[in-house]
Amino acid sequence: MAAARLQELEETTRNLFLGMETCVLEIGCGHGHLLTAYAEAHPEKTCIGIDIIADRITRANRKKNRARLANVHFINTSAEDFFAIFPSQISISDLFIFFPDPWPKRRHHKNRLMQTEFLSRLSRWITPNSRLYFRTDDLAYFTATEAIVRAHPAWALHSSPWAFEFTTVFQARASSHYSLVAAPQKPL
Ligand SMILES: C[S@@+](CC[C@H](N)C(=O)[O-])C[C@H]1O[C@@H](n2cnc3c(N)ncnc32)[C@H](O)[C@@H]1O
């Protein structure tokens, strides 16, 4: 089942990835508001947004088509499946993770995206100039993510300016939010 799903994902993305050298990736892009605006403002960049909910990707594609953008691509998949098929020769210059599901109950923390293993896995696609932008309204998730980045041997908190200020759907609903930028430690 999983093998068939991954094979299909690989087949449907093969042409997209052909010749691609670097990209901006958003995990959990929702309806694509942020990435569509970002791609419009950065026509020189290739942007990929992924989300596990198909309806959100359909709506993101509508936005992309309305704006006639050729440099943004939305894919209905999970982060786990995406990284299982994403070619290692393509680097991720900027990774956006905005308001990921916080999984507040302790027994569900294992479901959070931001984990030590996830940061380790990213090492395949990052360069010394890559940046990870993380924002959440869940203080406990933010504090845990900060600690994970600090403790990770390949990543560090970074003082880079925020890549692109844009109020996402979940940011608009939140009364406050917390942001961090992470970068690979040098040397990798
Ligand atoms: C709380 S919403 C935030 C959406 C958007 N980033 C925003 O700020 O408005 C989290 C999004 O992440 C998606 N998501 C959750 N787990 C995911 C995963 N493992 N891979 C990809 N997307 C995921 C959900 O479907 C949802 O659209």
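T167 counts as partly exposed because 14 C-beta neighbours lie inside 10 Å; the class sits between buried (20 or more other C-beta atoms within 10 Å) and exposed (12 or fewer), with C-beta atoms placed from the backbone. This is a predicted model, in which local features need pLDDT of at least 70 and side-chain atom pairs count only at pLDDT 80 or more, while totals for chains, interfaces and linings use all residues. Residues are numbered from 1 along each chain as its sequence is written.

**Around T167**
- The loop between strand 6 (155-158) and helix 7 (169-173) holds T167; helices (H or I, at least four residues) and strands (E, at least two) are DSSP runs, numbered from the N terminus.
- T167 and H33 are 134 residues apart along the chain, with 8.8 Å between their C-alpha atoms.

**Helix 2**
- In helix 2 (residues 33-41), the buried residues are L34, L35, T36, Y38 and A39.
- Their cover includes strand 1 (22-27), strand 2 (47-51), helix 3 (54-66), strand 3 (72-76) and strand 4 (91-98).

**Ligand shell**
- The ligand has 18 residues around it, of which G28, G30, F99, T168 and F170 come nearest; a residue is near if its C-beta atom, placed from the backbone, lies within 6 Å.
- Helix 7 gives the largest share of the shell, 3 residues.

**Whole chain**
- The protein chain has 7 helices and 7 strands, in the sequence pattern α-β-α-β-α-β-α-β-α-β-α-β-α-β.
- Buried residues are 28% of its 188 residues.
- Its C-alpha atoms fill a box of roughly 40 × 35 × 35 Å along the principal axes.

Technical notes:
Contact = placed C-beta atoms within 7 Å.
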